Amino acid sequence: MTHDKLALKMAFKRLESELPERAGRTLRWLRHPASRWVRIPAGVLLTLGGIFSFLPLLGAWMLPLGLLLIASDVPFLRLPVSRFTIWGAEKFGQLRARWLRVQG
């Protein structure tokens with residue numbers, strides 16, 4: 001397995017660990033090679049929804065997820081998108097931990 005594919009696999013695993021169980025199962029299904037015909041249109045639609053969203057909070061999650069799905073099939077996007085996803089998941093985890101400390 002090449003370095004970029006391994007980085008993308010790690011990004012998917014990191015994102016799945018942050019998602020609720022049902023969303024994680026859906027993402028695992030989309031990663032499967034047989035789901036390519038669903039993954040590509042879903043990635044394009046999520047990316048477009050993230051770019052053209054009129055409500056930033058609703059569209060903020062769509063762009064990275066769409067790019068991650070597209071990166072599964074576009075080799076030159078794998079490494080940068082996986083690095084961005086891992087970075088974003090770490091920042092989200094830190095933010096959530098800070099929020100829980102303030103609340104608790």
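A nonpolar core is a set of buried Ala, Val, Leu, Ile, Met, Phe, Trp, Tyr and Cys residues joined through side-chain atoms within 4.5 Å. Buried means under 20% relative accessible area, exposed means over 50%, and partly exposed lies in between, with a 1.4 Å probe and protein chains only.

## The model

This is a predicted model, in which local features need pLDDT of at least 70, side-chain atom pairs count only at pLDDT 80 or more, and totals for chains, interfaces and linings use all residues. Residues are numbered from 1 along each chain as its sequence is written, and side-chain values use heavy atoms, with hydrogens and water left out.

Helices are DSSP runs of H or I with at least four residues, strands are runs of E with at least two, and both are numbered from the N terminus.

## The core

The largest nonpolar core has 13 residues. Phe-12, Leu-27, Leu-68 and Leu-69 have the most contacts inside this core. Two or more residues come from each of α1, α2 and α5 (62–71). Helix α5 gives the largest share, five residues. In soluble globular proteins, nonpolar side chains tend to be buried together.

Seven of the ten residues of α5 are buried, so this helix is largely enclosed by the rest of the structure. The buried residues are Met-62, Leu-65, Gly-66, Leu-68, Leu-69, Ile-70 and Ala-71.

Contact means heavy atoms within 4.5 Å. Leaving out residues up to four places away in sequence, Phe-12 touches Leu-27, Arg-31, Leu-68, Leu-69 and Ser-72.

## Helices α1 and α2

Helix α1 spans residues 3–18 and helix α2 spans residues 21–31. Their axes are 9 Å apart, and the two helices pack at an angle of about 160 degrees. Axes are lines fitted to C-alpha atoms, for helices over the stretch in contact, and angles run from 0 to 180 degrees between N-to-C directions. Helices α1 and α2 are therefore roughly antiparallel to each other. For these terms, angles under 35 degrees count as roughly parallel, over 145 as roughly antiparallel, 65 to 115 as roughly perpendicular and the rest as oblique.

The crossing of α1 and α2 is right-handed. A crossing is right-handed if the near helix is turned clockwise from the far one by less than a right angle, and left-handed if anticlockwise. On the α1 side, the contact is made by Lys-9, Phe-12, Lys-13, Leu-15 and Glu-16. On the α2 side stand Gly-24, Leu-27, Arg-28 and Arg-31. By class, three of the contact residues are nonpolar, one is polar and five are charged. Here Ala, Val, Leu, Ile, Met, Phe, Trp, Tyr, Cys and Pro count as nonpolar, Asp, Glu, Lys and Arg as charged, and the others, Gly among them, as polar.

## Helices α1 and α6

Helix α6 covers residues 75–103. The axes of α1 and α6 come within 8 Å and cross at roughly 30 degrees. That makes α1 roughly parallel to α6. Their crossing is left-handed.

Residues of α1 in this contact include His-3, Ala-7, Leu-8, Ala-11 and Leu-15. Among those they meet in α6 are Leu-79, Thr-85, Ile-86, Ala-89 and Phe-92. The contact has ten nonpolar, three polar and eight charged residues.

Leu-15 sits in helix α1. Neighbours within four places in sequence aside, Leu-15 is in contact with Leu-27, Leu-65, Leu-68 and Thr-85. Met-10, also in helix α1, is partly exposed, with a relative accessible area of 47%. From Met-10 to Phe-76 is 17 Å, C-alpha to C-alpha.

## Around α5

The axes of α5 and α6 come within 9 Å and cross at roughly 145 degrees. The crossing is left-handed. Pro-64, Leu-67, Leu-68, Ile-70 and Ala-71 in α5 meet Leu-77, Arg-78, Val-81, Phe-84 and Thr-85 in α6. These residues divide into eight nonpolar, one polar and one charged.

Asp-73 lies in the loop between α5 and α6. Not counting residues up to four places away in sequence, Asp-73 touches Arg-36, Arg-39, Ile-40 and Arg-78.

Thr-47 belongs to helix α3 (residues 36–51). Thr-47 is buried, with a relative accessible area of 10%. Not counting residues up to four places away in sequence, Thr-47 touches Met-62, Leu-63, Gly-66, Leu-67 and Ile-70.
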